[in-house]
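Thanks for making the time today.

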Amino acid sequence: MPLEKRKGLVPKQGYCSLKPAEEEKEGLPAAAAGLRACIYGDPLREVIHLMQEDLQAPTIEKIPDPPLLADILPAVRRLLLEGKGMEAAALSAETAKKRGYGELLHFMENDPRHIELPFSAFQPAGAVNLVLELEETGTPTDYLRTMNYKTGEAVIHWTDRRGRWVRRAFVSEPEQCLVQLLTPPPGEKLNIRVHMEAPDDWARAGIRPEMQATLDALLCEACYPIGGGGHAVATKVFRTGGTAHLEDTSICINGAQQVLLVTRVTSSPALKPGLAQQTLDDPSFPEETYEALLNRHIKIHAPRIERCTMTFDGPGENQAVEELMERQNGSGLPLQAKLLQMMFDAGRYFLATATGKYPPMWGQWNINVNLQVCSGNLTSLPEMMDVFFRFVESKLPDYRMNAQRILGCRGILADIHPDLNNGLLYHFSRTYPHHYWIACAGWIYNEFWGRYLVSGDKTFLRDHVLPGLQEIALFFEDYLSDRGPDGRYLFYPCWSPENEPLGQSPVTVNAVMDIMVCREVLENLTTAYRILELEDPRAEKHREMLENLPALLLDEEGGLKEWAWKDHPERYNHRHVSHHYDVWPGMKVNWEDTPELADAILKSNRRRGQQDDSAHGIMHRLFTAIRLKDKQDACMHIQQLFRHGFVNSNLSTNHFPDRLEFPDMLGGMPAALAEMAVYSRPGIIEFLPAMPDFLAKGKLCGASLYTFMLLQTMEWDLEAGVLQAVLVSHENQICRVGSHKPAVIFRDGNPLTEQETAEGIQFTAGVPVSILLQWK
């Protein structure tokens, strides 16, 4: 569709695209509450991949408890101190195999390194493919597909010799249904064939389908090969006018004025015949008009999307994603501001819709899931973060079992691969020793702490943050039982995911991330006791632990080393920078309080190689650069992400350049863009710490800051040298307000005094404060 015809069709919060998807990663993502419809957008043969978060087909009958490995811990530790890390890793993996996991580890096929891969107890199962085949009435022209994040509506536009066609679809959160409306051009009739097909992954998973059709419904039941569970899909067909007849399991409609399709998915741990019909007959199955269902959905969904927005000035109004990408890539022009604005909304839409009963669970609960949810606290999606928190807390009994059986410790050892039903560790290999990643729980609880910092909610702090930190601290009390030659505690065995010292084993001593997480947990725990005016019964022990953490080490160029152990040489060419934890997601390291360590991490961030160009590694470097105010490096990373094949035509993102859709970049980008605009930690707000020059003018509204404050609105113009903001604190506090460079600062129209500039501004809970910055 030419640009001049798109006016009024392209949503303000969303995007348009000029051609149908060729593969799933390009489809329009109509979604809500864990139900997702990937809509390709072909005018004549539409395929909709329907997915639902509950649909996980078991791969084994019963997940065994973690094997008892605590008794081999002394031997593993002895081998590590003798410099025999490979032998330590082998002992751990072989013992796990002998004690029940021999059949569950396997080797990556055709890999000369014989990489051991952990098994997965579940594999995602697509709900079904819905196929809509329209009668061809001329070659489609003026094609446009749009995705509206505010409403959740995906719309397909095209024209043929009969006129202009529109096909609309959305997933209703209150109804838990996919709703589609097919309407022919005015005065014309609709001829269509509708049926269901088995997704490609069913054959691989051994899923057995049973499909039926009546004149007004499509029914599908899918039985899983293990465990007796499965799911059902029911589509009800509401046609206005025309006739219908059956061809096998397809409904053929002729001469209709319009057709409304409503589809619901139901899962069952014990699938019995008739579940699809029961789903259809359920009194709650909606039978209202498309507009009525859409309006009810919008009332729930739209406020989340509107709550926090980010806009940039720049060309590109009504331009398609493909056009914006073509304009910036290889042209010498800067990144397109409109594209970054779209990505901000896309990332928040992802978190808002991929969260249902469960949080997003793509990949591992390390850098993957943490990136996918990290925008929730900062960009004001507390409902989605509540799901995340509930999920974590539901796994605590299993995490306790992990700690006791694997390391003989009290407290919790989190699972890097929790699933819908359990949080047991069952991933044992010498290649990826997940059972020795002791920092997992601490990283997860960093988000719990973040919720407290953006809200000031002391009830949440008492009931949810404190109990988790107590259990993690209890684990470290038992785990840190040995000391090195310098009298400091030894962190061993451990793992710096997913790296290893050059030429050595991934099972190591003193992984810096683990040290940083331990320190953060103990300090946050101490802070929580103080805020809640509670006595810490273990305060003396925690102080002693903090005083005796291993000393961090620097390399020959002054960069921070990944292991605080002199016998572990650095392996710089790796995608992860786990040892930058105290910059992001932690907040311990900054230029004001820890300048030497900030400098060391800046050097480490710049020196690091990229290994396989994974997006999550680049995102971690990006966050590190932003928080260290390294604008040059931040710009380099964001340029790479937006120019080098990580963004698809539907604004989904890839794990590697141009392949393997994965939402790490998608979920993390709203937080990255927001932190470029405003940095915060308790008592500190700094505006535009790493804003690229090509984003010279913009606006951020509704961001939650990590100092118990809401940024109602913030507008900046770098060329004019001015920034205006309105802040509302959730509690009475003194907070320093500053800028990326020297500025004259006004509060409510009055210039700050020297004391206010140095010590901070007094904020009163609930009272808006206007800030004006004029740069010198």
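Let me start in the loop between β25 (684-687) and β26 (697-705), where Leu688 is found. What we have here is a predicted model, and in it the phi of Leu688 is near 55 degrees, a positive value in a residue other than glycine. As background, most residues other than glycine have a negative phi, and most peptide bonds are trans. Is Leu688 buried or exposed? With a relative accessible area of 2%, Leu688 is buried, the cut-off for that class being under 20%.

Staying with backbone geometry, I turn to two peptide bonds. The bond from Tyr492 to Pro493 is cis, with omega near -5 degrees, and Pro493 sits in the loop between α13 (458-479) and α14. The bond from Trp584 to Pro585 is cis as well, with omega near 10 degrees, and Pro585 has its place in the loop between α15 (539-547) and α16 (595-607).

That brings me to a helix pair. Two packed helices are described by the angle between their axes and the distance between the axes. For helix α12 (residues 440-455) and helix α14 (residues 512-531), the angle is about 35 degrees and the axes are 10 Å apart, while the crossing of the two is left-handed. Which residues of α12 and α14 meet? On the α12 side they are Gly442, Trp443, Asn446, Trp449 and Tyr452, and on the α14 side they are Met513, Val517, Glu520, Val521, Asn524, Thr527, Ala528 and Ile531. Sorted by class, this contact between α12 and α14 has 8 nonpolar, 4 polar and 1 charged residues.

Next come the strands, with β28 (residues 722-729) as the point of reference. Of the 8 residues in β28, 6 are buried, so that the strand is mostly covered. Strand β27 (residues 709-717) pairs with β28 in the antiparallel sense over 8 bridges, and within that pairing Leu710 has Val728 in β28 as its bridge partner. The hairpin of β27 and β28 has 4 residues between the strands, and there Gly721 takes a positive phi near 70 degrees. β28 also pairs with strand β33 (residues 768-775), in the antiparallel sense and over 7 bridges, where the bridge partner of Leu727 is Val769 in β33.

Finally, let me step back to the whole chain. How many helices and strands does the secondary structure of the protein chain come to? The count is 20 helices and 33 strands. The radius of gyration is 27 Å, close to the 28 Å that the globule rule gives for 776 residues, and the chain is therefore as compact as a globular protein of that length. Taken along the principal axes, the C-alpha atoms fill a box of roughly 85 × 70 × 50 Å. Buried residues make up 62% of the 776 residues, and, among contacts with a separation of 6 or more, 68% are accounted for by residues 24 or more positions apart.

How values were computed
Residues are numbered from 1 along each chain as its sequence is written. This is a predicted model: local features need pLDDT of at least 70, side-chain atom pairs count only at pLDDT 80 or more; totals for chains, interfaces and linings use all residues. Side-chain values use heavy atoms; hydrogens and water are left out. Axes are lines fitted to C-alpha atoms, for helices over the stretch in contact, and angles run from 0 to 180 degrees between N-to-C directions. A crossing is left-handed if the near helix is turned anticlockwise from the far one by less than a right angle, and right-handed if clockwise. Contact means heavy atoms within 4.5 Å. Ala, Val, Leu, Ile, Met, Phe, Trp, Tyr, Cys and Pro count as nonpolar, Asp, Glu, Lys and Arg as charged, and the others, Gly among them, as polar. Buried means under 20% relative accessible area, exposed over 50%, partly exposed in between (1.4 Å probe, protein chains only). Two strands pair if DSSP finds at least two bridges between them. The radius of gyration is taken over C-alpha atoms; the globule rule is 2.2 Å times the number of residues to the power 0.38.
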